[in-house]
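Reader: Please show me the structure. Then walk me through how its parts pack.

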Amino acid sequence: MGPIRMLLIGAPGGEFRRAAELAQGAGAEVTMADAPAPALETLREQGADLVMIDVLEDAVGFLADLRRERFVVPVLACGISAPAERAVAAIRAGARDYVPLPPQRELIAAAIASVAERQAQVPIGGHPVLDRAMALAAAVAPSGAPVLVSGGKGSGKEMMAREIHRLSGRPDPIASVECAGVAADVLESELFGHEANAFPGAAARRVGRLESVRGGTIFLREVGALAPATQARLLAALIEKRFRRLGGETEVPFAARLIASTSMDLETAVAAGSFREDLLVRLSLARIEVPPLAEHDDDIAALAGHFIAQFARGDGLAPRPLSDGAIAVLRAYGWPGNIRELKECIHRAALLAHGPRIEAEDLTRADGSPLEALVSLPGPDGRIEVDGLIGRTVEEVERELILGTLERCHGNRTSASNILGISVRTMRNKLRTFIEGGIAVPPAA
């Protein structure tokens with residue numbers, strides 16, 4: 001995959017040059033700008049994945065210009081013994097974080113990792129359900145057809161998209177654009193670009209992502225969040241292989257491969273009138289379902305080992321293997337947050353563990369609660385203890401098992417169904433029966 005593109009804004013030389021060297025050493029492609037004005041020119045022409053700006057520059061004004069020109073790019077403010085009020089002002093103006101200089105390798109690596117994952121792009125594991133998805137990805141990759149990648153949040157949809165790009169033979173870059181939570185007008189400029197004076201604040205022409213990737217790949221995260229007008233423009237670009245910048249008359253060729261992801265049911269969105277059926281048909285020429293982690297739990301140990309090695313390199317730690325008890329807890333947990341939740345859990349454990357191995361007690365959720373308290377592990381003979389179930393009806397045990405599993409999956413119906421070995425339809429029917437009987441049911445995730 002292509003490297004992350006970082007733009008550093010500040011006086012040349014000194015610690016800023018050191019920051020550039022560290023970023024390049026961490027795998028980033030770095031461009032330097034001496035001041036905010038030339039930095040804006042760079043962003044208009046070629047964009048960037050991450051910006052770092054010295055707070056001794058006009059960081060507040062620069063961030064205001066980004067908003068005015070509808071840029072969506074994370075900005076880190078940084079400085080050497082900078083006045084506290086400058087750092088605070090930059091954060092209040094929209095900077096993601098403040099990084100002190102001289103920079104540390106770990107801080108630069110963390111900044112890069114916060115933007116996008118550029119480690120191993122091939123999903124780890126060999127479970128048949130994942131193999132089927134990977135086989136379909138390999139089959140459709142060489143074509144130029146749009147691809148829709150669906151699956152739960154954190155299941156690895158972007159990883160799948162990057163693997164499709166890698167197998168396609170197309171040139172870099174693959175550019176990711178977040179559709180959810182972004183204002184419609186901002187997202188249109190991000191995708192299609194705009195001409196000078198296209199709207200108040202459009203000081204100059206801006207090249208959008210669909211144009212800047214040229215013959216590479218554009219990846220739209222959560223495509224179901226697109227506004228109706230943007231859906232129409234995107235559909236026209238896919239059909240006609242060209243588009244116009246906002247406020248422009250010139251036809252811009254569209255040569256990129258489009259991959260979109262969704263964690264929502266787009267057919268339901270079509271029925272509700274919030275998503276265009278013709279766009280869904282166009283995107284679904286090739287559709288790949290990324291299975292939830294609970295469906296390929298045989299891969300959990302391999303994934304966890306991969307993340308341990310990754311964090312050991314990034315954080316300068318000695319890699320600790322997982323104990324058998326820790327692996328058992330990992331496999332017994334429902335993972336409603338899928339691979340993303342597993343990765344975050346392993347990162348915490350790698351930082352918190354003190355012994356030669358990562359033990360079960362080192363595994364926690366984001367709120368600090370121990371993972372092993374949320375799972376039921378089999379006894380030494382492989383059987384679950386049933387003493388507490390004697391004297392109760394099968395109906396009562398089934399109900400508590402379903403509700404308990406659902407609660408531990410934080411309301412995720414799909415994950416709970418997978419763990420219980422029943423269909424989602426069966427799960428919904430059971431829950432409907434409980435609700436009609438006046439029994440409280442955990443809300444859907």
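Author: In helix H2, Pro36, Ala39, Leu40 and Leu43 meet Phe62, Asp65 and Leu66 of helix H3; contact means heavy atoms within 4.5 Å. Helices (H or I, at least four residues) and strands (E, at least two) are DSSP runs, numbered from the N terminus. This is a predicted model, where local features need pLDDT of at least 70, side-chain atom pairs count only at pLDDT 80 or more, and totals for chains, interfaces and linings use all residues. Residues are numbered from 1 along each chain as its sequence is written, and side-chain values use heavy atoms, with hydrogens and water left out.

Reader: Is H2 roughly parallel or roughly antiparallel to H3?

Author: H2 (residues 36–46) and H3 (residues 59–68) pack at about 25 degrees, with axes 10 Å apart. Axes are lines fitted to C-alpha atoms, for helices over the stretch in contact, and angles run from 0 to 180 degrees between N-to-C directions. Angles under 35 degrees count as roughly parallel, over 145 as roughly antiparallel, 65 to 115 as roughly perpendicular and the rest as oblique. So H2 is, relative to H3, roughly parallel.

Reader: Is Leu63 buried or exposed?

Author: Leu63 lies in helix H3. Leu63 touches Val75, Ala90, Ala93, Gly94 and Ala95, leaving aside residues up to four places away in sequence. Buried means under 20% relative accessible area, exposed over 50%, partly exposed in between (1.4 Å probe, protein chains only). The relative accessible area of Leu63 is 5%, so Leu63 is buried.

Reader: Which residues of H10 make the contact with H8?

Author: H8 and H10 pack at an angle of about 15 degrees, their axes 10 Å apart. From H8 come Ala184, Glu188, Leu191 and Phe192; from H10 come Ala229, Thr230, Arg233 and Leu234.
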